[in-house]
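Below is a short report on a two-chain model. Have the sequence and the viewer open as you read.

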Amino acid sequence: MNEYLAPLWISLKTVLATTAITFILGIAAARWMSRYTGKLKPVIDGAFILPLVLPPTVVGFGLLLLMGKHGWIGKFLALFHTTVVFSWPATVITAAVMSFPLMYMTTRGAFEQVDKNIEDAARTLGASEWRVLYSVTLPMAWPGVVAGTILSFARSLGEFGATLMLAGNIPGKTTTIPVAIYFAIQDGDMKQAVYLMVIVFCIAFASLAALAYLKKPKPRTRGVPVNAAPTDILYAGRKKDNPS
Amino acid sequence: MLKVELKRKLLDFSLNVAFSVDGETLGILGPSGSGKTMTLLCIAGLIRPDSGFIQLNDRVLLDSSHKVNLPSKARNVGLVFQNYALFPHLTAGENIAYGIRNRSRQEVSQRVQVLIEKMGLDGLQQRYPRELSSGQQQRVAVARALAPEPEILLLDEPFSALDSLTKEQLEMQILDLRQFYKGNIILVTHDLAEAYRLSSRIAVYESGGIIQCDNKAKLIASPANLTVAKITGFRNLLLGTINEITDSHISILVPELGTLKAVRYKHSRLLSGMSVTIGISPEYVKITNHPGENTVYGSLSRIVEEIRGYRCFFQLNSAQNTVYQLDAVISKSDKNIIPTLGSKVHIHLPPEYLVVITH
């Protein structure tokens with residue numbers, strides 16, 4: 001039984017760590033880029049979103065070159081007699097790289113919708129930049145931030161290609177659910193594959209339900225204009241009904 | 001005491017202003033896009049001018065020559081935005097409390113309560129901005145700006161989004177503010193009447209510069225130039241030349257109409273022979289039956305009925321092609337003195353209301 005459950009625990013650990021990392025990095029990058037006006041804006045913006053467009057195997061291969069024995073990061077880590085290739089942290093790194101663009105894009109969109117005058121009002125009332133962020137910008141952009149978090153959570157749960165390239169398939173160590181399903185089918189272990197499939201299905205469904213629930217304005221924020229634009233990504237190609 | 005000197009290049013013009021406010025209400029009057037709001041944002045530290053100097057009481061907020069630029073949060077400046085910019089996710093009470101720092105919970109709620117009462121917001125403390133009328137939102141915005149006890153209050157077109165009745169009530173409230181707020185106030189507006197009612201001095205802006213900054217009565221009595229005269233409501237503008245200056249009067253020769261006299265004010269820097277424009281507000285133009293001093297002859301060409309009076313347009317006699325038009329407002333109670341359309345009458349321009357504007 002433990003053998004069956006191992007991929008679930010590894011995936012949950014990986015997904016939670018990844019979501020925490022992308023949540024913080026995504027918000028930081030989104031806030032930086034939503035006010036950065038330099039010439040490099042399109043370049044930086046593109047670099048942040050690139051992993052979303054590239055095939056996962058390409059990203060995985062790139063990370064492998066970077067972190068392998070002869071890569072910059074690999075050489076740096078070797079100084080401390082450590083390596084990330086084919087280890088559990090590798091699953092977190094790949095999942096974070098792959099899910100970061102979703103958090104970044106959605107959050108940035110939500111930040112850009114926040115009326116600059118309202119943030120400025122907080123500044124004239126003596127608020128520090130940090131207080132402006134957590135007491136004004138984040139609460140006002142909250143529906144978008146939640147949507148970005150759940151999208152990146154879902155993306156890291158489903159991460160397969162890049163993870164396989166960098167973390168490999170070491171049962172009990174780096175084998176996440178998607179990787180385990182793939183190898184279970186290859187080995188003809190249909191029982192394990194179906195078992196894991198049902199688990200993934202439940203998690204995915206629960207996270208979408210959570211999104212629908214969290215997107216609804218809470219009673220405390222009743223009457224606040226619902227910031228619908230950032231979640232448009234969920235409705236791509238479909239006509240979105242009027243928010244609120 | 002606030003001292004301001006600002007320079008900033010903008011797309012179409014550059015802002016270049018200098019003025020000071022000393023415990024009073026200064027009205028900044030000007031058309032949209034003349035740099036009024038920009039001035040407020042510079043004082044509040046939200047926009048950085050190319051160069052400038054701002055001193056508020058004994059603190060220097062900005063001094064570009066000494067690389068001093070206090071951030072907004074350290075300036076202690078209250079700003080009420082044109083769209084109020086209330087925090088939509090906080091209640092009216094929480095909005096007002098936002099800027100009160102370093103106080104105990106009890107002191108904060110006391111201060112909020114005081115402001116709620118003074119701004120007439122009783123019972124609305126728990127409402128979210130969305131649940132308030134725009135007049136109430138504006139009062140919350142003013143209370144929020146006053147809560148940290150700012151040394152200056154900046155109001156950016158505070159009444160532009162309100163209906164006239166609400167506007168009237170809120171103007172009274174701003175006037176009443178003076179009873180408990182002794183700091184400086186700057187009011188930005190494009191409405192002369194509003195600026196006149198609420199402020200003691202008025203600075204007239206045009207394309208990024210101040211064309212006149214004076215006591216409000218003086219601004220109306222002696223506009224510095226034609227633009228100010230037009231903004232302050234002078235219509236009947238006639239071109240002429242000064243032909244005599246006495247201690248009390250100035251005589252101006254207007255071609256074809258004759259000589260008109262205006263009362264001379266001490267501050268005027270007028271010289272004989274100067275070409276000037278004279279103007280008079282429509283309310284002071286009088287219809288009389290006989291010719292006399294400062295009287296011109298013309299025919300009534302048009303009558304427009306307004307709420308509180310009739311606006312009469314007179315065509316003045318002229319031998320050549322120049323057509324002069326005079327515009328008079330006759331109150332409803334004087335309806336019987338309005339002649340029939342097309343008839344000729346004498347029109348008196350009282351010397352005490354004739355204003356001489358240099359070019």
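B:Asp156 stands opposite B:Val188 in β9(B). The partner strand here is β8 (residues 152-156) of chain B, which pairs with β9(B) in the parallel sense over five bridges. Two strands count as paired if DSSP finds at least two bridges between them. Helices (H or I, at least four residues) and strands (E, at least two) are DSSP runs, numbered from the N terminus. The chain gets from β8(B) to β9(B) through helix α5 (residues 164-177) of chain B, and this β-α-β crossover is right-handed. Right-handed means that, with the strands pointing away from the viewer, the path from the first strand over the helix to the second runs clockwise.

This is a predicted model: local features need pLDDT of at least 70, side-chain atom pairs count only at pLDDT 80 or more, and totals for chains, interfaces and linings use all residues. Residues are numbered from 1 along each chain as its sequence is written, while chains are lettered from A and ligands numbered from 1 in the order in which they are written.

**Around β9(B)**

Strand β3 (residues 25-29) of chain B also joins β9(B), running parallel to it with five bridges. In that pairing B:Gly27 stands opposite B:Leu187. Is β9(B) enclosed or open? Six of the six residues of β9 (residues 184-189) of chain B are buried, so the strand is largely enclosed by the rest of the structure. A residue is buried if 20 or more other C-beta atoms lie within 10 Å of its own, exposed if 12 or fewer, and partly exposed in between; C-beta atoms are placed from the backbone. Both faces are covered: B:Asn184, B:Ile186 and B:Val188 are buried on one side, and B:Ile185, B:Leu187 and B:Thr189 on the other.

Helix α1 (residues 36-44) of chain B is mostly covered too, with eight of its nine residues buried. Among them are B:Lys36, B:Met38 and B:Cys42. Just after this helix, B:Gly45 takes a positive phi of about 80 degrees.

**Chain B as a whole**

Chain B holds eight helices and 21 strands. Its C-alpha trace spans about 80 × 50 × 35 Å along the principal axes. Of its 359 residues, 38% are buried. Two residues are in contact if their C-beta atoms, placed from the backbone, lie within 7 Å. Take the contacts in chain B between residues at least 6 apart in sequence: 65% join residues at least 24 apart.

The chain is divided into domain 1 (2-228) and domain 2 (234-358). These bounds come from an automatic or database domain assignment. The C-alpha centres of the two domains of chain B lie 39 Å apart. Five residues of domain 1 are in contact with seven residues of domain 2. The domain 1 side of that contact has three nonpolar, two polar and no charged residues. Here Ala, Val, Leu, Ile, Met, Phe, Trp, Tyr, Cys and Pro count as nonpolar, Asp, Glu, Lys and Arg as charged, and the others, Gly among them, as polar.

An open sheet of five strands in chain B has the order β16-β20-β17-β18-β19, with antiparallel pairing. Its edge strands are β16 (286-288) and β19 (324-331), each pairing on one side only. β18 (residues 309-316) and β19 of chain B are joined by eight bridges. There, B:Cys312 stands opposite B:Ala328.

Most residues other than glycine have a negative phi. Two residues go the other way.

**Chain A and the interface**

A:Gly161 sits in helix α9 (residues 161-167) of chain A. Is A:Gly161 buried or partly exposed? It is partly exposed, because 18 other C-beta atoms lie within 10 Å. A:Gly161 and A:Pro56 are 105 residues apart in sequence, yet 5.1 Å apart in space, C-alpha to C-alpha. Beyond neighbours within four places in sequence, the contacts of A:Gly161 are A:Pro55, A:Pro56, A:Thr57 and A:Gly60.

The contact between the chains takes 20 residues from chain A and 21 residues from chain B. On the chain A side, α6 (116-124) and α7 (129-140) are the elements that give two or more residues. The largest share, seven residues, comes from α6(A). By class, this side of chain A divides into ten nonpolar, six polar and four charged residues.
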